[in-house]
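Open the model in your viewer and keep the selection tool at hand. The tour goes from the whole chain to single residues.

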Amino acid sequence: ISTAEIYDKFRIILKSESGTVVNPKMIDAINRLKDKNVRHMVLTSFSVQPMKDEPNPVAWRVETLKNFGYDFSKFWNEQRVELSEFMREHNPVFQNGVLCCDIFPKSECLEKFFEYIDWQPKKIVFVDDMLRNLADVEDFCKRQKIEYVGIEYLESQQVNSYVPFS
């Protein structure tokens, strides 16, 4: 079995796992950001590679988040942006406020996306459950002279999942 086939099987498992909102207060927090007109988005390691039963995994991810109550589209137009600078068959994709980074570092995806939209924020508040992602984005912010607040999200570790990395 090839690496691609193994990867595809993991994605099928993740897609079939019944999701849950770890903390409903996070949905409230996102909605308060919207109400205060604070631009916000999601950076996820979710794969952009099409599957047999899901030709557009990015749209599926956006819709899944919306179904849970997470809608990040207010400050972003509806267009789909593929970050082709990565020069791969499947590049990171931004859609409706969700940036699917796939295998690429979140900081690189963020940097390329900001270049694409020709924008640099004054401050980034970044919430992630992986310390390496927090440090990665912090380094990016230092290089770009962007104020940074990193928050390690630990609640997701308490969710009982039969897929340990979901």
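The stops below start with the whole chain and then turn to the cores, a loop, the salt bridges and a surface patch.

This is a predicted model, in which local features need pLDDT of at least 70 and side-chain atom pairs count only at pLDDT 80 or more, while totals for chains, interfaces and linings use all residues. Residues are numbered from 1 along each chain as its sequence is written, and side-chain values use heavy atoms, with hydrogens and water left out.

**Whole chain**

Show the chain as a cartoon. There are five helices and six strands; these are DSSP runs numbered from the N terminus, with helices being H or I of at least four residues and strands E of at least two. From the N terminus on, the order is α-α-β-α-β-β-β-α-β-α-β. Of the 166 residues, 38% are buried, where buried means under 20% relative accessible area, exposed over 50%, and partly exposed in between (1.4 Å probe, protein chains only). Contact here means heavy atoms within 4.5 Å. Among contacts with a separation of 6 or more, 66% are between residues 24 or more positions apart.

**The cores**

Next, select M41, L99, L110, F113 and I124. These are the residues with the most contacts inside the largest nonpolar core, which has 23 residues. Such a core is a set of buried Ala, Val, Leu, Ile, Met, Phe, Trp, Tyr and Cys residues joined through side-chain atoms within 4.5 Å. Helix α4 (106-117), strand β5 (123-128) and helix α5 (131-144) each supply at least two residues of this core.

Center on I124. Which residues is I124 in contact with, leaving aside its neighbours within four places in sequence? They are L110, F114, F140, C141, I146, E147, Y148 and V149.

**A buried loop residue**

Go to N96, in the loop between β3 (93-95) and β4 (98-100). N96 counts as buried because its relative accessibility is 7%. Beyond its neighbours within four places in sequence, N96 is in contact with V62, K66, F72, S73, N77 and E78. The C-alpha atoms of N96 and F72 are 6.3 Å apart, and the two residues are 24 apart in sequence.

**Salt bridges**

The structure holds three salt bridges, each a side-chain nitrogen of Lys or Arg within 4 Å of a carboxyl oxygen of Asp or Glu.

- Select K106 and D128: their closest N and O atoms are 2.6 Å apart. The pair links distant parts of the chain, with K106 in helix α4 and D128 in strand β5, 22 residues apart. Both K106 and D128 are buried.
- Select E115 and K112, whose side chains meet at 3.9 Å, N to O. Both lie in helix α4, three residues apart, about one turn of the helix. E115 is partly exposed at 48% relative accessibility, and K112 is partly exposed at 26%.
- Select E147 and K123, which meet at 3.6 Å, N to O. E147 is in strand β6 and K123 in strand β5, 24 residues apart. E147 is partly exposed at 47% relative accessibility, as is K123 at 43%.

**Last stop**

Strand β6 (147-152) also holds V149. V149 counts as partly exposed because its relative accessibility is 31%.
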